[in-house]
Amino acid sequence: MAHRDWKIIFADMTRSVIKKLTVATALLSVGLLFTRFVWLTPTTIDTPHFDEKVNLALRRTAHHLLAESGDSTSNIPPVERPDANTFLLRLQHSFNYDRLPALLQESFQVHDIQKDYDVAVLSCISDDLLLGYNVKDVEVGVACGGRAQNSDCYNLKVTFASPQSSPLASAGWWILVGGFLLGGISYAAWQWATRRNNLPTLPPIEAETAESVRLHFGASSLDVANQTLLVGTVRYELTYRETKLLHLFVNHLGQLLERDFILQSVWNDEGIIVGRSVDVFVSRLRKMLRDDATIRIATVHGVGYRLEMQGE
């Protein structure tokens, strides 16, 4: 390659890097400015609407717990609120603790409550903590399930996570000044690199051929453009989502992909994301790939999936 071509490539790379740095710095500065004002504005969950929704969700949960225990006549007392983030419901009868996590989570979903919370089951006599869990435990399994309960009265306490402040909030305006200063320097450097020597840019790269979009893995291949999968000699016509999901797995071969990452990567343009979609589509892909002994989609319980090459 000629010396001038190297100069052109180097100049283009320099302009590209500085341009990206400038954009990133500008976005960082805007983000810091937004974050600064957000942290300066107190965040609270103490709103009448939220209070009403939690009340309804807890009363719904108590109703189902008592009904499943054979109690359809007892009154459900009013929900108490000891502090801004805590709600307390006093139950006069024992209930099936194993059903509590699913019923409570279902009630919160019905009333569109999405905040993290802790649950504590207390003795109404001694106020001792008998059972409890965090909302994140619901997906992996709540501890102490299956244990016998005494015939007693219980207090069901739900505590929502308090808004947390960030250490960046204490840095004050110096963060913003530094961010905007760095952005200005980066912009000036970009302008300088763009004008220096007035070097021409390289011609655009030719469009990829149809063969270049076929991804090979194991004894199979994926044609992204035509949404087709070839497993040995068997050809499958894929849907748009199946193509996106398999493309994601192939591009991250051997890597563990968390369920949330898969949902955001494949279904982010739908607006409403259904968690079971991942399981359904993975099951479809497994059926198509079952004749390829060199490839499998492994499940990592409670985390996500991984496309694996056998023998590696």
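**Aromatic pairs: group meeting talk**

I will start with a cluster: Phe50, Phe87, Phe108, Tyr117 and Phe160 are linked by ring pairs. This is a predicted model, in which local features need pLDDT of at least 70 and side-chain atom pairs count only at pLDDT 80 or more, while totals for chains, interfaces and linings use all residues. Residues are numbered from 1 along each chain as its sequence is written, and side-chain values use heavy atoms, with hydrogens and water left out.

Rings of Phe, Tyr and Trp (its six-membered ring) pair if their centres lie within 6.5 Å; planes under 30 degrees apart are stacked, over 60 edge-to-face, and the rest tilted. That rule gives seven aromatic pairs. One of them joins Phe50 and Phe160, edge-to-face, at 5.1 Å centre to centre with 75° between the planes. Phe50 belongs to helix H2 (residues 48-68) and Phe160 to strand S5 (residues 154-160), so this pair ties together parts 110 residues apart in sequence. Helices (H or I, at least four residues) and strands (E, at least two) are DSSP runs, numbered from the N terminus.

Phe50 is buried at 8% relative accessibility, and Phe160 is buried at 2%. Buried means under 20% relative accessible area, exposed over 50%, and partly exposed in between (1.4 Å probe, protein chains only).

Phe108 and Tyr117 also pair edge-to-face, at 4.9 Å centre to centre and 80° between the planes. Phe108 is buried at 1%, and Tyr117 is buried at 3%.

Now charges over rings, where NZ of Lys or CZ of Arg is within 6 Å of the ring centre and within 35 degrees of the ring normal. The charged end of Lys115 sits over the Phe50 ring, 5.8 Å from its centre. Arg284 lies over the face of Phe281, 4.4 Å from the ring centre.
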